[in-house]
Amino acid sequence: MSDTTGSGDKTPVEITLLRQENLPLIASVVNAAFTGEYISEIPRFELLRVIKSMIDRFEVAADTPGRYGRTPDYYLSYWTGSHSDSSWFGSRQAADGATYIYLLAPAARVIEFFNGCQTAGSMGSDGDSAMDRLFDEMVQGAARLSGDVEARRANIKAQITRLQNRLETIEDNLSLIHI
């Protein structure tokens, strides 16, 4: 984890970022914007276009027109720190006057964690998410520490059942592809 927020708060920056209200929107913007030729930085005007596109997509998907009642410029300003304690983005001015936006290191770690926690799974499409693995490890660790062999055995059997169910899902999907 990185430094704490600058407002006298002892909360790590990453935790503050994870608590932000529009985290799914921010993650979608980052995932859409920082790819290909724009992997390290993106022109400001292009990022504004991506923000507008993601807002539209979120509002249509949730059937909530106007839910994000601010402009893309407002959101970018907020996420670069003009209105918040913890920033997602930094900016730099190029010699030609163009403004480029880049993802700050704590924000990159938060996005990586957020993406890994999605239910689609960070290791493929088998439904094995980072949170599932973390939970399994915590339960197994607690059982080991307690010395309760039966609890460990029950947890391992539950893990085996979940893995067998995932394997069946993958095999079912494969059989549909080969039809």
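**View A. The residue that follows helix α4.** Helix α4 is followed by G81, with a positive phi near 105°. Helices are DSSP runs of H or I with at least four residues, strands are E runs of at least two, and both are numbered from the N terminus. This is a predicted model, in which local features need pLDDT of at least 70 and side-chain atom pairs pLDDT 80 or more, while totals for chains, interfaces and linings use all residues. Residues are numbered from 1 along each chain as its sequence is written, and side-chain values use heavy atoms, without hydrogens and water.

**View B. The buried side of α4.** P72, Y75, L76 and W79 are the buried residues of α4 (under 20% relative accessible area, 1.4 Å probe, protein chains only). Because they cover an arc of only 95° around the axis, they lie on the same side of α4; the arc is taken from the directions from the helix axis to the C-beta atoms. These buried residues pack against α2 (23–33), α3 (44–61), β2 (89–93) and β3 (99–103), contact meaning heavy atoms within 4.5 Å.

**View C. The largest pocket.** About 220 Å³ of space lies in this pocket, an open set of points on a 1 Å grid over the protein atoms alone where a 1.4 Å probe fits, with protein on both sides within 12 Å along at least five of seven lines. The volume is the space filled by probe spheres set on the points. Helix α4 (residues 72–79) gives the most to the lining, with 4 residues; lining residues have an atom within 4 Å of a point.

**View D. T16 in helix α1.** T16 lies in helix α1 (residues 13–18) and is buried, at a relative accessible area of 18%.

Note on methods
Buried means under 20% relative accessible area, exposed over 50%, partly exposed in between (1.4 Å probe, protein chains only).
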